[in-house]
Amino acid sequence: MWRDWWDGYGGRIVGVGTALFLAIVFLVSGFWDMLFVGLLLWIGYAAGQRKDAGGEPLVPWRRIAAWVEQRFGRYR
């Protein structure tokens, strides 16, 4: 059962877990940061959901790396 959940929702679980960890850090600084905590939770869930769906990542690292290598590769 747990394996099925992990296979289906692994990205969301990791995203929300990471967001909760960061949220606890921000909660220590005050109650009104709860809005920011909600934003962190939503961002973590959305990023995990996107990973589970097989969509493109939020930051296209491979495309950026290819551009940097093309742009600055001649300076090696």
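Modeller: A residue is buried under 20% relative accessible area, exposed over 50%, and partly exposed in between (1.4 Å probe, protein chains only). This is a predicted model: local features need pLDDT of at least 70, side-chain atom pairs count only at pLDDT 80 or more, and totals for chains, interfaces and linings use all residues. Residues are numbered from 1 along each chain as its sequence is written, and side-chain values use heavy atoms, leaving out hydrogens and water.

Colleague: Does Phe21 count as buried or exposed?

Modeller: Phe21 counts as exposed because its relative accessibility is 58%. Phe21 lies in helix α1; helices (H or I, at least four residues) are DSSP runs, numbered from the N terminus.

Colleague: And where is Leu41?

Modeller: Leu41 is in helix α2, residues 34-52. Its relative accessibility is 27%, so Leu41 counts as partly exposed.

Colleague: Which residues does Leu41 contact, leaving aside neighbours within four places in sequence?

Modeller: Leu41 is in contact with Val16, Ala19 and Leu20, where contact means heavy atoms within 4.5 Å. The C-alpha atoms of Leu41 and Phe21 are 9.9 Å apart.

Colleague: New topic: how many salt bridges are there?

Modeller: The count is 1 salt bridge, defined as a side-chain nitrogen of Lys or Arg within 4 Å of a carboxyl oxygen of Asp or Glu. The side chains of Arg12 and Asp52 form it, at 3.3 Å from N to O.

Colleague: Why does the pair tie together parts that are apart in sequence?

Modeller: Arg12 lies in helix α1 and Asp52 in helix α2, so the pair ties together parts 40 residues apart in sequence. Asp52 is partly exposed because its relative accessible area is 25%.

Definitions and conventions
Helix = DSSP H or I, 4+ residues; strand = E, 2+ residues; numbered from the N terminus.
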